[in-house]
Amino acid sequence: MYSKRPFGPLECYANRRYICVSTSISETPPTHYTIKIQSLSLLKKNNIEKYTSPYFEAGGYKWKLVFHPNGNKSKNKAGKHVSVYLMMADATSLAPAGWEVHVGFQLFLLDHNNDNYLVLQDTSTGKGRRFHAMKVEWGFDRFMSQEAFNNPENGYVVDDTCVLGAEVYVRQEKFRGRQDCLSMVKDPISYKHTWKIDKFSALTADCVDSKTFMVAEQKWKIQVYPKGKGSGTGNHLSLYLALAEPTSLSQGSQIYADFTMRILDQVNAQNYLGKANYWFSGSQTVCGWPRFISIGYFSLPGAGFLVRDTCVIEAEVTVHGATTNKIML
């Protein structure tokens, strides 16, 4: 059961149009999905402007929650609000031509102080919002002001943690809800793995893998394509960081990592490097550069990257956070 209560001066927008919003209080958690976001302040520290949750199922479709802790800058330039949206996952692969579905949804925010949930619902249309291949996301650009969200007296952020949730109604429910938890690492530790490749010119495989190494209880590996891959084929060396055992991750689990890949200069100590960050998962297992370094430059005798037919590659990996999940019984 929901009980109505005023929630300050509330203005919410979607697609730059004013929308009607109903606010209420629920004593029970959302039926379909919740996500606990821990170490919330570290999202900003690590420049994570948008977090997209793993998918959950409701009404026979797959959905995700999209959370902008500092507001959706494309629609809320002042950055004075928190933005939260419901997004349909893989809509284009599920939909035939002309497909659309009307969805009524409610987004939840836990009040830790009172052990209940603030519920926001778009009531602009009685038919719900229309999701289709060209419009897969609806929600609230101004879900809540930053001041209200971060005020300890309101109970929405406690111990640097908030809990969001969703209920989604498409005809009828077909799947039990799932609960995810995003945990950020306050003081992450970087790990370096060095890989020495002898007789480099004799490599014949398209892709060569390093030995696996452990970072944050996950096995990783370096992948090198001596003759290039994709856009780098034939003229570049391609270099990637990959999860070595992605099948060990549960469905929907994600790992957020910063990494630096280096080809060491064995003569001049002027290493060649690339930096990136990525959400790794069971379906997104590899990240890197198809055009990491040109084969011509890599092979120059004075460059120091290939000495006596030996090159040395280094990966420095820092895991900043992970999403884990469980089925709600």
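Pocket, strand pairing and burial in a predicted model

The lining of the largest pocket in this predicted model comprises 7 nonpolar, 11 polar and 4 charged residues.

User: How much space lies in the largest pocket?
Analyst: The lining of this pocket divides by class into 7 nonpolar, 11 polar and 4 charged residues. The space in the largest pocket is about 460 Å³.

User: Which residues that line the largest pocket are the closest to its centre?
Analyst: The largest pocket holds about 460 Å³ of space. Its lining is made up of 22 residues. Of these, the closest to the centre are K64, Q254, S281, S283 and Q284.

User: Which elements give two or more residues to the lining of the largest pocket?
Analyst: The lining of the largest pocket numbers 22 residues. The elements that supply two or more of them are β6, β8 (61-68) and β22 (272-281).

User: Is N46 buried or exposed?
Analyst: N46 sits in the loop between α1 (40-45) and β6 (51-52). Its relative accessible area is 16%, and the cut-off for a buried residue is under 20%. N46 is therefore buried.

User: With which residues is N46 in contact, leaving aside its neighbours within four places in sequence?
Analyst: N46 belongs to the loop that lies between α1 and β6. With its neighbours within four places in sequence left aside, the contacts of N46 are M184, Y256 and H320.

User: Why is strand β19 largely enclosed by the rest of the structure?
Analyst: Strand β19 covers residues 218-225. It is largely enclosed because, of its 8 residues, the number buried is 7.

User: How many bridges join β18 to β19?
Analyst: Strand β18 (residues 213-215) and β19 run antiparallel. They form a hairpin with 2 residues between them, and A216 in the turn has a positive phi of about 50 degrees. Within this pairing, V215 stands opposite Q218 in β19. The number of bridges that join β18 to β19 is 3.

User: Which residue in β20 does K221 stand opposite?
Analyst: β19 pairs with strand β20 (residues 236-243) in the antiparallel sense, over 6 bridges. The residue in β20 that K221 stands opposite is A242.

User: Which residue in β19 does V208 stand opposite?
Analyst: Strand β17 (residues 208-209) also pairs with β19 in the antiparallel sense, over 2 bridges. The residue in β19 that V208 stands opposite is V224.

User: What percentage of the residues in the protein is buried?
Analyst: The protein has 4 helices and 24 strands. It contains 329 residues, and it exposes about 16,700 Å². The buried share of its residues is 49%.

Conventions:
Residues are numbered from 1 along each chain as its sequence is written. This is a predicted model: local features need pLDDT of at least 70, side-chain atom pairs count only at pLDDT 80 or more; totals for chains, interfaces and linings use all residues. Side-chain values use heavy atoms; hydrogens and water are left out. Buried means under 20% relative accessible area, exposed over 50%, partly exposed in between (1.4 Å probe, protein chains only). Contact means heavy atoms within 4.5 Å. On a 1 Å grid over the protein atoms alone, a cavity is a set of points where a 1.4 Å probe fits but cannot get out, and a pocket is an open set with protein on both sides within 12 Å along at least five of seven lines; lining residues have an atom within 4 Å of a point. Grid points are joined across faces, edges and corners, and a volume is the space filled by probe spheres set on the points. Ala, Val, Leu, Ile, Met, Phe, Trp, Tyr, Cys and Pro count as nonpolar, Asp, Glu, Lys and Arg as charged, and the others, Gly among them, as polar. Accessible areas come from the Shrake-Rupley method with a 1.4 Å probe; for residues, only the protein chains shown count as cover. Two strands pair if DSSP finds at least two bridges between them.
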